[in-house]
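Hello,

Here is the structure I promised to pass on. My notes on it follow below.

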Amino acid sequence: MRYYIGIDLGGTNIAAGIVDSNGKIMIKDSKPTLKERPTEEIIEDMVKLVENLIKRCGIAKYDISGIGIGCPGAVDNRKGIITYCVNVPMKNVKIAEYITSRTGIPVNLENDANAAALGEYNVKGRGANSYIFITLGTGIGGGAIIAGKIYRGFNGVGIEAGHMTLVHNGDRCTCGKRGCWECYGSVTALINQTIEKMNANPSSLMNIKAKKIGKVDGRVAFEAAKEDDKSAKEVVQQYLEYVTDGITSIINIFEPELLVIGGGISKEGDYLLEPIIEYVHKYEYNKYCPKTKIEIASLMNDAGIIGAAMSCVK
Ligand SMILES: [Zn+2]
């Protein structure tokens, strides 16, 4: 059995794990990123995580075939350089060379959403000739796996589905453009849509639910809608339309065999999935051929670690 190490570099935590060649995590650990400190210290903590995992797992170093790193932003996969990192201030960092020099293990670098896409693919998508993974979270991320390989595009980023335009001249996005899908279909957007409706309808059950948990999160509208609250149902209906508009466009462009939805909101399960499938299948261009399968992700937070690790499999 060969083993691989996956590192998921996030704005809050650096998560890492040893993964076997079947995509199963043997052991995992994490450290806070503390992103404002010097880059060298962050990378040194990644090396320490790797060394500790190897020690704790009791696997010989030569049984580990590679270290995969998923980074939020643009990476040069061929040169192993972080071109530009979102959330963690890193620019033109030769991370692969450094970590290999410290550990003696080859490093493969991927965009984090592409790594997560590959992680889910290893669990749910194996065998699918074309596969799209979408995460609905703070933003909208995504990745494409074509014929079993990550689609990296020209510069290593691959698909950035969250930044396709949904509303011309719409809300301002973090990327600088207006009207991106992310501004309407992310959980951040759902929270804003929920707050707006709560303010307009103070007697809505959403206000009671939010008060109970002390904040407005992505669940408030969904939970109140399940209890038949009219305003909440309107929020959920509108949100689902935004989400499905984006998914329909992706399916029209890629015609994937399978599309998997991950991120925090995917915990809503069939309540989220069933209306999406109904709407997408009604409005997608393809009316006569077999339909794209749409499913909910199964790995949640481990997708990044597993995908980064599996990106090293030759
Ligand atoms: Zn954008």
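Predicted model: local features only at pLDDT ≥ 70, side-chain atom pairs only at ≥ 80, totals over all residues.

Helix α7 itself spans residues 219–226, and its buried residues are V220, A221, F222, A224 and A225. After α7 comes D228, with a positive phi near 70°.

Next, helix α8, where T244 is found. T244 counts as buried because its relative accessibility is 1%, and the cut-off is under 20%. Its side chain reaches the backbone oxygen of L240 at 2.6 Å. Leaving out residues up to four places away in sequence, T244 touches I276, Y279 and V280.

Now the domains. The chain is divided into domain 1 (3–119 + 302–310) and domain 2 (127–297). Their C-alpha centres lie 28 Å apart. In the interface, 13 residues of domain 1 are in contact with 16 of domain 2. The area buried between them is about 1,000 Å², with 53% from carbon and sulfur atoms. On the domain 1 side, N114, A117 and L118 lose the most area, together 44% of what that side buries.

Polar links between the domains: three residue pairs are in polar contact, both residues at pLDDT 80 or more. One salt bridge is found across the interface. β5 (73–76), β8 (107–111) and α3 (112–125) each supply at least two residues of the domain 1 side. The largest share, five residues, comes from α3. By type, that side divides into six nonpolar, five polar and two charged residues.

Best wishes

Methods: Residues numbered from 1 in each chain as written. Heavy atoms only, no water. Buried < 20%, exposed > 50% of the residue type's maximum accessible area, 1.4 Å probe, protein only. Helix = DSSP H or I, 4+ residues; strand = E, 2+ residues; numbered from the N terminus. Polar contact = N/O pair within 3.5 Å; in protein donor to acceptor, adjacent residues only side chain to side chain. Contact = heavy atoms within 4.5 Å. Domains from an automatic or database assignment. Buried area = accessible area lost by both parts, 1.4 Å probe. Salt bridge = Lys/Arg side-chain N within 4 Å of Asp/Glu carboxyl O. Nonpolar A, V, L, I, M, F, W, Y, C, P; charged D, E, K, R; others polar.
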